[in-house]
Amino acid sequence: MEIKGFTTRALNIPFAKADPHNSLQMPLYESVAFEFDSAEQIEASFKGEYAAHVYSRSSNPTVEYFEQKLKSLTKSHGVLAVSSGMAAVSNTIMAVANAGENIISGHQLFGHTYALLSQSLPGFGVETRFSDLKKKEKIEKLIDENTRAIYFETVTNPQLEIADIEMLAEIARKHDLLLIADSTLTPPNTFNASKWGVNIEVVSTTKYISGGATAFGGAIIDHGNFNWNENPNFSAYTEKFGDNAFIAKLRKNIYRNTGGSMAPQTARFMINGLDILELRVEKCYRNCLALGAFFQSHPKVKAVEYPGLKCSKKFALAKKYFSGVPGTIMTFDLESKEACFSFMNRLEIIRRATNLNDNKTLVIHPHSTIYAEFSETERSGAGIRDTMLRLSVGIENVEDLITEIERALNW
Ligand SMILES: *Cc1c(COP(=O)(O)O)cnc(C)c1O
């Protein structure tokens, strides 16, 4: 029978090898190394003629099961699990662009991604050309023979701008560039990346996929829709590995040699996180809609942004790309920074913390925290107002959230 539902599929992904005890859970293989029956077998393994796990920095059965599960759920070509979202971003770009080459990206990026592109990678000769990713002509002007990729985030945080993915895919195809999406905010049950022409997805599985802030992790998803012959940095791999050139280059070079592997215990969290992902996203989404309606009707709330709300200017794009569920982060404005701070200080069940997609609802004042090191001009350019609060909406009973917010607003 063909299983359609995301959660049903998540719960029914077979193990690569039958478990001798018929375990229903993927066992945690907490082993650094794996032994061989004979010298001939270990030789065959090192030659790539016999598939087996050798050393857990390169591959591990529990981590492999997480990769296979995410691959199946995203209907993708290949998945590599790594130690964090930043490991997914950095490994991907290091595989794609060498010294003297460049990639194109936007101004609104996750802070550490921006730091990686603007501070770390230039030291290795890899340049990022920052552009307004909504403007086709501006992007095309920056492309030259050394451009290797366009890198964007599906929904930016905390501005909640939605990328024009079709337009980016058209430019990427026209210039034979790889299109890389950071889809952390829009989990795979709501976003079908390959349908819109994305070639590689990078994900911080720390966020939604971990099941609620249980562990650090990242994933690199190859949708199998890029011709790796278009990128000279893959020539050694396309010959030998064909369609699998990207994951092969990571496994045999960048990923293995930089040591950013996912720990087996972490993979266990991620495996269980995928089982409950759809449930959690749906609950957070319904809470966002209810909170959005509450904020809109409250006189002390000056503005509210959640692209899943029908009144949002971004609703049409949210519907087109993410089945109406553009992540579950929202922002709202109060009259002043002081009002934001007193609101935050009166909260009891909503926690003051910087993470996203925890099971708990989290609040932060981006202007004074995530953007603290930026000048006022940079902050206003990035749409960061000192009157704005960001909520990462959790799975609590929404009545409790509304009661709490109402009380905190009425001081
Ligand atoms: C958190 C985050 C990252 C980095 O992930 P880590 O797991 O913290 O390394 C990258 N991109 C986005 C959009 C994020 O929210």
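Predicted model: local features only at pLDDT ≥ 70, side-chain atom pairs only at ≥ 80, totals over all residues.
1. A polar contact is taken here as a pair of N or O atoms within 3.5 Å.

2. The side chain of Thr-206 places a polar atom 2.6 Å from a ligand oxygen, while Met-86 contributes a polar backbone atom at 2.9 Å from an oxygen of the ligand. Of the 380 Å² of accessible area that the ligand has on its own, the protein covers 92%.

3. The residues surrounding the ligand include Ser-84, Gly-85, Phe-110, Asp-182, Thr-184, Ser-204, Phe-216, Gly-217 and Leu-356, together with Met-86, Thr-206 and Lys-207. Classified by residue type, this shell comprises six polar, four nonpolar and two charged residues.

4. Ser-204, one of the residues around the ligand, belongs to strand E6, residues 200-204. Five of the five residues of E6 are buried. On one face of the strand these are Ile-200, Val-202 and Ser-204, and on the other Glu-201 and Val-203.

5. Strand E6 pairs with two strands that may be described in turn. With E5 (residues 178-182) the pairing is parallel and comprises three bridges; Ile-180 stands opposite Ile-200 of E6. With E7 (residues 218-222) the pairing is antiparallel, over five bridges, and here Ser-204 is placed opposite Gly-218.

Conventions:
Residues numbered from 1 in each chain as written. Heavy atoms only, no water. Near = heavy atom within 4 Å. Polar contact = N/O pair within 3.5 Å; in protein donor to acceptor, adjacent residues only side chain to side chain. Areas by Shrake-Rupley, 256 points an atom, 1.4 Å probe, with all protein chains shown as cover. Nonpolar A, V, L, I, M, F, W, Y, C, P; charged D, E, K, R; others polar. Buried < 20%, exposed > 50% of the residue type's maximum accessible area, 1.4 Å probe, protein only. Helix = DSSP H or I, 4+ residues; strand = E, 2+ residues; numbered from the N terminus. Pairing = 2+ DSSP bridges.
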